[in-house]
Amino acid sequence: MKFSKITPVTVATLLALGLTVQAQASDRYVIQVDNNHKGLIKALTVRMGGQIEVDSDGFIAATFSGQDLSSVKGLLNNPHIKLIEADVKRYPMALFNDDAGNPETQQLTPYAIYQSQANQVSLNMGNAKRVCVIDSGIARDTGETGGGNNDFNWSNITGTSNSGTGDWFRDGGPHGTHVAGTIAAADNGFGVVGMAPGNPLHIIKVFNDAGWGYSSDLAHAANLCAQNGSQIISMSLGGGRANSTEENAFINFTNNGGLVLAAAGNDGNTTRSYPAGYSSVMMIGANDANNAIANFSQFPSCTTGRGKSATTDETICVEVTAGGVDTLSTYPAGGTALVTATADGTGFSAAPSDNTGNLNGATYHMGLASAIDSAANGKICTIDRGSISFADKINNCANSGGIGAVVINNVAGDGPVYMDVSGSANIPSYGAAFESRSDIVGAANITISASASDYGYMSGTSMATPGVSGVAALVWSNFPQCTGTEIRNALKSTAVLPANGDPVKFGKGIVKAKAAYDYLLANGCAGGDTGGGDDGGDDGTEPAPCKGGPKKCG
């Protein structure tokens, strides 16, 4: 069968979705209005040529085809309207990285659980706080990417369907299922385990078939989260420009005792993404398994304004981080290719190309593979990236008699290389990370297998955000009397800044569940301080080593 995977072009597109796309639609607007006058304004909107898209508490959203903002304000000149503003697009934030491992036959614990001490705290299910996941739906039944994933406690999961985006229980892409698994995949002996295994979830599917939604969709979703009993909102999404209707929805949720978290963004720069950039929303950055900041994790300044008018607010920048690089979690069933790769018995990360297949044989290093080399005959070619195209490298391997190819990235920290091999010979071809080069080059034998799987890897602040959401749910279940803001403060007060870690990028540091639990136990919900740790340690308590999993732990 042909395995579902992300091509290099798609990965680049998803990277850009963090912020570099157009921030707003040209003809859709949010109209704030008192509920008791909403009927009048809806009628006026339709009479003036508008098509109502969202009807929610305190606002509607409508499309006025071909009309700019000033024209719409002129059409809807009515004293009952509080505000008309552009409806801003919001996008998922993730890079896809499938990797080695076989959770189909055993339960694996992702490295971020050990790193965040989630394995040291038990979920108190009797006081569990429902997490509202606003994303692309979840794979309970067959959807766009694959079938239902059985690694959830489905009796604890509810959702809200939408006529525009479809059933909440059918995936509109794997992103939402991956996010949900990071929070709450079940502890059941197979697959993966979430930060708060089996925690109740409410799923709201906001992304359309094109892979994006509007700020008004998020505002409406926040209202639905509250109406359905959620205390935590987790959003692995974002986009450019603030929107006051969207912001007010999250302010209301927070003021009512809830906690809202959102991804910082994946452009690796200082741009502020929304909704993460609102003060009422906890902005989450991403780190890797070695306690280093992810190179894609955005880090907007905590300071706004200039000179004497400059103000600093730590709630509008990165507050904490969690593991978000090569994060193993749930996919729609059969919705990804899981690759297991070893070089002389040592595992390494491998990314599938369009040409997959099993490999087992002796190796030959072709360097840049810029020419045919008969010494590669009958062997697996190991090739360095650079100089010529991936397709030309693979063709030179095949024309030399090679039976497969492993192309090694030439940039540290970028993970295994995803290749566009259009036009290449049909031999199994995989990408590898630069960090694995010493294991691959010179190895006598390489073995690679690829199969359809219910589990796979993604990278992004999208993956870190549900990690922190799960930690928040885990800790909060043991201190149900606290407010969401008090849990937020406890996570920040006990996060650990790694040695030489940049607080601009890490915020207070990597979130630590056991440390937050101990802090609340000792100090109560009000807490004792607001600073994070700064020595790179865990208050003397080290998490258990990651054993048997497919990734190296930090």
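This is a predicted model: local features need pLDDT of at least 70, side-chain atom pairs count only at pLDDT 80 or more; totals for chains, interfaces and linings use all residues.
Tutor: Residues are numbered from 1 along each chain as its sequence is written, and side-chain values use heavy atoms, with hydrogens and water left out.

Student: Why are W168 and F169 called an aromatic pair that is edge-to-face?

Tutor: Rings of Phe, Tyr and Trp (its six-membered ring) pair if their centres lie within 6.5 Å; planes under 30 degrees apart count as stacked, over 60 as edge-to-face and the rest as tilted. W168 and F169 are 5.5 Å apart centre to centre, with 85° between the planes, so they pair edge-to-face.

Student: What makes W212 and Y214 an aromatic pair?

Tutor: Their centres are 5.2 Å apart, and the 85° between the planes makes this pair edge-to-face too. The structure holds five aromatic pairs.

Student: How do you know that the charged end of R140 sits over the ring of F169?

Tutor: A charge sits over a ring if NZ of Lys or CZ of Arg is within 6 Å of the ring centre and within 35 degrees of the ring normal. The charged end of R140 is 4.3 Å from the centre of the F169 ring and counts as over that ring. Likewise, the charged end of K505 sits over the ring of F299, 4.9 Å from its centre.

Student: Is F169 buried or exposed?

Tutor: F169 is buried (under 20% relative accessible area, with exposed over 50% and partly exposed in between; 1.4 Å probe, protein chains only). W168 is buried as well.
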